[in-house]
4 protein chains.
Amino acid sequence: MAAHQETIYRQAGFGNAVPRGSRPGVLVVDFSYGFTDTSYPTAAEMSEPIARTRQITELARDRGHPVVYTTIAYQPAELTTLPWLKKAAGMAALLEGSRLVQIDAATGIRPTDALITKKGASAFFGTSLAALLTSAGVDTLIITGATTSGCVRASAVDAVQSGFTVLVPADCCADRADAPHRANLYDIDQKYGDVTTAADIIDWIERLPR
Amino acid sequence: MAAHQETIYRQAGFGNAVPRGSRPGVLVVDFSYGFTDTSYPTAAEMSEPIARTRQITELARDRGHPVVYTTIAYQPAELTTLPWLKKAAGMAALLEGSRLVQIDAATGIRPTDALITKKGASAFFGTSLAALLTSAGVDTLIITGATTSGCVRASAVDAVQSGFTVLVPADCCADRADAPHRANLYDIDQKYGDVTTAADIIDWIERLPR
Amino acid sequence: MAAHQETIYRQAGFGNAVPRGSRPGVLVVDFSYGFTDTSYPTAAEMSEPIARTRQITELARDRGHPVVYTTIAYQPAELTTLPWLKKAAGMAALLEGSRLVQIDAATGIRPTDALITKKGASAFFGTSLAALLTSAGVDTLIITGATTSGCVRASAVDAVQSGFTVLVPADCCADRADAPHRANLYDIDQKYGDVTTAADIIDWIERLPR
Amino acid sequence: MAAHQETIYRQAGFGNAVPRGSRPGVLVVDFSYGFTDTSYPTAAEMSEPIARTRQITELARDRGHPVVYTTIAYQPAELTTLPWLKKAAGMAALLEGSRLVQIDAATGIRPTDALITKKGASAFFGTSLAALLTSAGVDTLIITGATTSGCVRASAVDAVQSGFTVLVPADCCADRADAPHRANLYDIDQKYGDVTTAADIIDWIERLPR
């Protein structure tokens, strides 16, 4: 970031560290095979962010905090009408019931975790996620997954708009290309939530009162 | 954009031009004094994007298409609780009733235009905008305003998720710094809506059947 | 309705007939076995409303208008947190993957119809329904299903709030008891949409320009 | 209620008392002059529910719990498009800036209370209410106001769908006619939240740990 830009953003009041709450939830965005298995054109290599996310989800689950996964999945009736599928036509391969929409087993997802099916970039838009988190008393949402510049970014924006404090461990997020990954982490860190690391998140959860 | 990134995005099915509908609406995001009057630290110089937006809104209004403006404005009760105001603390200056939340007169806003008051980045989140556009029969939303990397981006994501085709004339969008402006136009053009120009939008509206 | 009540409502401006649009959609609420198969305690006898709804859906599908079904279905993670399941505890039997959440075959649902899974009373709340209807160009929503006093009422309220004109054929709606059925049809007809009959809906769809 | 209906509802699992949380919020629906001042045709006599609501809001405020008021208010651009205003045409008198949309001073509203402007029946639909309550840590929403059969009912449905436990003191709710008032309290008590009294709410808030 240019020095000038840094000054502008600081003067505009962006980039503050956010106070963390006492009840975290973990949102794992789109670690489904359509994004994680590089045999599909919509996917990218993301085994390390998956492995680091799993460290967080296993700790969170152990402490009784909710872990929620998302997947994108379409029905035939949606393919012809949804405008997102005209712009991002590759997403139309993500058909309900197909392997592409299943959560990658490497995440360690369990049947007792919630799974949100969505139709767009945000995990909150047109889904029951906000109500689920509210009913579970979550105040701080840790967001990981794929892709940083698409669904992670959109979910971070909606999370803070929904009233949750947002934490994004950058090393748990994956993208198809590096420039959009970095540009969106910058936007998130300046405007929507703290960009941090898996190690920091784990340390924080471990030190929360049980 | 690196050649490699271009290939990856093309293979993943992004970046298609979207088919335009027959009933446009114009969404003018946050051209309020808090963003347009550089005497405020949250603002930036944006007189040219405002002037070009005005060409579009005057034509649209003349043809009977809805023109909607947004502003961010807070009540005292929101200042202490909303997590967005902890991250983006400069936004807390945008108080209901203050000059900062008024739409800049240079936009040519009229009393018969709709004005949406929002609390976050997206013009759709927690507002009646989707219902207003749906009830007006809008199928294609032209989005202009400020800032490209914040509220325009978030509104473009929500517009396509809401079922509208999205067009963003880049020369009608303003930001505080150039790198985020360009990075977000890239994301929008690849994934959410067609990035185009004021001239193209005007030409398209003029050729729509009356 | 007492004469006095009728006068009050008329003076307050309720109960107007709504102008119908040109592009209908049909929303069939919760004709899943958990509501239609009287071997379940949450169900009621509703074979006639199902049969009359089917006449409408077959005509609509034939004319190219969208037909959308809803079901309520829960994941294990939701059972302990959602407050609705504490009040309406019988709904907790509606588990994803169970027969209770499948749409009754008597409705004539087809694989090309959209199926919305919801977690509460309204077909719109926390679902992608509004976006789906908007992207399909629907302006007028015909709502049928079960129960009148629960999910049909809630969906009618959200439909009109979402910008759609609402039509409810009373003989296509079912409930567990007659008093709430009638009381809610009254509220709908006064405030949210026109209460009519299957015959009227069929006649209207047939006379729409193809 | 007929004995038969009672048996059906009990077997279907409705009508359970809900466990109360530890952080209440108070939602006061539409005690604006357009509803409270009987010189307007959309209003009804409701001085006693206002007075009893005020006892609750003053206690809640004193204990640091959020108190939120709602009003319905329209802009000229909305009058011609919103379908709700075609069905419930009397609502179109509720114009932004007019006395009808101001909260009745008899409620004791203060500048530090949040005021939500809405366009339909529900206090949650197209508003920032859910985010505001979530960010304030509210888990249990007390709903009072007008009218029972319209905006209170719709807000209760959305509150429980949003993840909040719902309490409705019946003697703090007002309506234009008695039959819809009672029918909707019945529906709320069976399906969405506990219908109780101002005295019970006050007793509960007083006994919450400070």
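In chain B of this predicted model, Thr148(B), Ser149(B), Arg153(B) and Ala156(B) of α7(B) meet Pro180(B), His181(B), Ala183(B), Asn184(B), Leu185(B), Asp187(B) and Ile188(B) of α8(B). Two residues are in contact if their C-beta atoms, placed from the backbone, lie within 7 Å. Helices (H or I, at least four residues) and strands (E, at least two) are DSSP runs, numbered from the N terminus. By class, the contact of α7(B) with α8(B) holds five nonpolar, four polar and two charged residues. Here Ala, Val, Leu, Ile, Met, Phe, Trp, Tyr, Cys and Pro count as nonpolar, Asp, Glu, Lys and Arg as charged, and the others, Gly among them, as polar.

Two packed helices are described by the angle between their axes and the distance between the axes. For α7(B) and α8 (residues 178–191) of chain B, the angle is about 10° and the axes are 9 Å apart. α7(B) is therefore roughly parallel to α8(B). Axes are lines fitted to C-alpha atoms, for helices over the stretch in contact, and angles run from 0 to 180 degrees between N-to-C directions. Angles under 35 degrees count as roughly parallel, over 145 as roughly antiparallel, 65 to 115 as roughly perpendicular and the rest as oblique. The crossing of α7(B) and α8(B) is right-handed, the near helix being turned clockwise from the far one by less than a right angle.

Chain A superposes on chain B by a rotation of 180° with 0.0 Å of shift along its axis (RMSD 0.0 Å). This is the relation of a two-fold axis. In chain A, the C-alpha of Ala183(A) is nearest the axis, 3.3 Å from it. The same surface serves both copies, as 100% of the contact residues of chain A recur in chain B. Superposition is by least squares on the C-alpha atoms of residues with pLDDT of at least 70 in both copies.

Backbone geometry stands out at two sites. The peptide bond from Ala146(B) to Thr147(B) is cis, with omega near -15°. Thr147(B) sits in the loop between β4 (140–146) and α7 (148–161) of chain B. In chain C, the bond from Ala146(C) to Thr147(C) is also cis, with omega near -15°.

Asp30(C) has a positive phi of about 55° although it is not a glycine. Its place is the loop between β1 (24–29) and α2 (33–36) of chain C. Asp30(C) is buried, with 28 other C-beta atoms within 10 Å. A residue is buried at 20 or more such atoms, exposed at 12 or fewer, and partly exposed in between, with C-beta atoms placed from the backbone.

Residues are numbered from 1 along each chain as its sequence is written, and chains are lettered from A and ligands numbered from 1 in the order in which they are written. Local features need pLDDT of at least 70, side-chain atom pairs count only at pLDDT 80 or more, and totals for chains, interfaces and linings use all residues.
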